[in-house]
Amino acid sequence: MNLKNVVEAVEAMELISLRLSTCRHLLLLSTFLQIVLHVCSIGVNYGTTADNLPSPKEVAQFLKESTIIDRIKIFDMNSEIMKAFAKTDIYVTITVPNGDIPSLTDSDKAGKWVQDKIKPYYPDTKIRYIAVGNEILHWGTKEQIDNVVPAMKTLHEALEKAGMGEIKVTTPHSLGILASSDPPSSGAFRTGWDTGIIKPMLEFLNQTQSGFMVNPYPYFGYSPGNDSYCLFHPNPGFLDPKTGNKYDNMFDGLMDAVYSAMKKLGYADVPIIVGETGWPSLGEPWLKWVNVENAKSYNGEMIKKSTSKDGTPLMPGKSFEIYIFALFNENQKPGSLAERNFGLFKPDFTEVYDIGVKNGTAPKKGSGDSPSSKGGGSGSSSGDSDKSSGESQSSSSPKTPYGHSGSLGKVLDALAAVVFVLATLFGL
C-alpha cells in the first residue's frame with residue numbers, strides 16, 4: 001500500500017468517525033429536544049372568594065414566571081384579572097353569569113356584550129373560551145336552561161361579526177347531566193335534556209369546533225370501599241361487561257361515561273374539556289379521605305393526564321385539556337372546611353403540596369407518590385355544599401388547537417436552549 005492509499009484510508013476513517021460522532025450528537029439532541037420541547041400544559045380555576053389573596057397582577061406574574069400553568073378559568077368577567085393577564089401568553093376562560101343568559105339570546109345585546117366585555121382586552125389577553133353560565137342544567141332556572149343553547153349561538157355569531165371567531169363558546173356541566181354512568185359503556189344523558197338541550201348543544205360545538213366541558217369529581221363519589229379507585233392507587237379494577245375494558249380509576253370511568261353518552265347522540269368526535277376537577281387537602285376531622293396525601297395523589301395524576309396521551313379505555317391516545325380546582329385556598333367560601341381548601345397554593349404563593357406545578361418538574365407516568373397509573377359568583381366553588389356524589393357523579397381533536405404544550409414564551413425559551421446546544425455541539 002503506497003502513501004497515497006494510506007492517506008486516503010486515514011481520511012476515510014476520520015470521515016466515518018465524524019459521521020458517527022455527528023449521529024451520536026443528533027441522537028443526544030433529539031433526546032434533548034423531546035425533554036425541552038415537552039413543555040407541560042395545565043389549567044387551573046382561579047377563584048377569588050377570599051380576603052387575603054395577592055393582586056391579579058402578582059398572580060399573573062407568578063404563573064408566567066414560576067409555574068407550568070398556561071391557562072386559567074375564572075367564574076365571572078373580572079376586568080382587573082383580564083388586564084393583569086394581558087401579554088402573558090396565558091389563556092383565559094371567562095364565565096357569563098347564569099342570570100345573564102336569557103338576555104344574550106338577543107343579537108343586539110350579545111353584540112354589545114362582546115364590545116363591552118371582550119373587545120377592550122382581546123387579543124392582548126388570550127381569551128380561550130367564553131363559558132355561558134356554570135353547571136346551568138344542574139343549578140339554573142327553567143328560563144336559563146331553555147335559553148343556554150340559543151345564547152351560546154348568538155354569542156358566537158356576535159364574536160364572528162366582531163372578528164373574534166377564534167374565541168370558542170361552551171358551557172360547563174356537572175355530571176348530574178348523566179342518567180347512568182356505571183358501567184361506562186352505559187353512559188347516557190338524562191331523558192329530556194338529551195335530545196332537547198344537549199344534542200343541539202353538541203351540534204353547535206361540533207360546527208364551531210369547540211369542546212364539551214364537564215366537571216368530573218371522583219372526590220364526590222368517594223366511599224370507604226373505593227378509595228384506591230378514586231385516587232389512582234393500585235386496585236383490582238373492574239371490567240365493563242359490554243366492552244371488556246378494564247377500569248382501575250374513577251376518572252377514566254366518568255370520562256368514558258360522558259363519551260358513551262355523546263356517542264349515543266352521534267357526537268363522539270366533539271372534544272371533552274375538563275372544566276373542573278380536584279381534591280381538597282384539609283377538611284373536617286370526620287372526612288378522613290380529605291388530606292394532603294390524597295390531594296397530592298389525585299391532582300398529580302391530573303397533571304399526568306393533561307401532559308400525556310394515555311387517554312382512557314374508550315378514548316385511547318387522547319390528551320385532555322384539564323383545569324384543576326383550584327389555584328388558591330379561599331378562606332371566605334361558604335360551606336364546609338374542605339370547600340375552602342381545594343387550592344394548589346396558599347395566598348403567599350407557597351405550595352400546599354408539590355406536584356411539579358411550581359418548579360416545572362411535573363411527575364411522569366409511573367413516578368410520584370401514586371404508584372399507578374366549583375363555580376358561581378365572583379370566586380366560585382367546586383360544588384355547592386349540598387352537592388352529593390349521587391347528584392354530581394352519576395383529547396385533543398385534530399380540528400381544534402386543544403392540548404398545546406405550553407405558552408409561547410416557554411416554547412421560545414426552549415428554542416433558545418436548542419440553539420445554544422447546536423452552537424456548542426457543532427462550534428457554530
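Mentor: Let's start with handedness: a crossover is right-handed if, with the strands pointing away from the viewer, the path from the first strand over the helix to the second runs clockwise. Keep in mind that this is a predicted model.

Trainee: Okay, which elements make a right-handed β-α-β unit here?

Mentor: Strand β1 (residues 42-45), helix α2 (residues 56-66) and strand β2 (residues 69-73). The unit is called right-handed because the path from β1 over α2 to β2 runs clockwise in that view.

Trainee: How do you know that β1 and β2 pair?

Mentor: Two strands pair if there are at least two bridges between them. β1 and β2 have four, in the parallel sense, so they qualify. In that pairing, N45 stands opposite K73 of β2.

Trainee: And what makes β1 and strand β13 (residues 322-324) a pair?

Mentor: The cut-off is at least two bridges, and β1 and β13 have two, again parallel, so they count as a pair. V44 has I324 as its bridge partner in β13.

Trainee: Which way do the β1 side chains point?

Mentor: I42 and V44 go one way, G43 and N45 the other, and all are buried. In a regular strand, side chains alternate between the two faces of the sheet.

Trainee: What about strand β9 (residues 212-215)?

Mentor: F212 and V214 point one way from β9, M213 and N215 the other way, and all are buried. β9 pairs in the parallel sense with strand β6 (residues 172-174) over three bridges, with S174 partnered by N215. Three bridges also join β9 to strand β12 (residues 272-277), running parallel, and V214 has V274 as its partner there.

Trainee: Why are helices α6 (residues 142-161) and α7 (residues 193-207) called roughly parallel?

Mentor: Their axes cross at roughly 10°. Angles under 35 degrees count as roughly parallel, so α6 and α7 get that label. The axes also come within 10 Å. The contact is made by I145, V148, V149, M152, K153 and H156 of α6 and I197, P200, M201, F204 and L205 of α7. By class, that gives nine nonpolar, one polar and one charged residues.

Trainee: I145 is in that list. Why is I145 called buried?

Mentor: I145 has 12% relative accessibility, and buried means under 20%, so I145 counts as buried. Leaving out residues up to four places away in sequence, I145 touches I136, L137, G140 and I197. The C-alpha atoms of I145 and I101 are separated by 8.7 Å, though the two residues are 44 apart along the chain.

Key. Residues are numbered from 1 along each chain as its sequence is written. This is a predicted model: local features need pLDDT of at least 70, side-chain atom pairs count only at pLDDT 80 or more; totals for chains, interfaces and linings use all residues. Side-chain values use heavy atoms; hydrogens and water are left out. Buried means under 20% relative accessible area, exposed over 50%, partly exposed in between (1.4 Å probe, protein chains only). Axes are lines fitted to C-alpha atoms, for helices over the stretch in contact, and angles run from 0 to 180 degrees between N-to-C directions. Angles under 35 degrees count as roughly parallel, over 145 as roughly antiparallel, 65 to 115 as roughly perpendicular and the rest as oblique. Contact means heavy atoms within 4.5 Å. Ala, Val, Leu, Ile, Met, Phe, Trp, Tyr, Cys and Pro count as nonpolar, Asp, Glu, Lys and Arg as charged, and the others, Gly among them, as polar.
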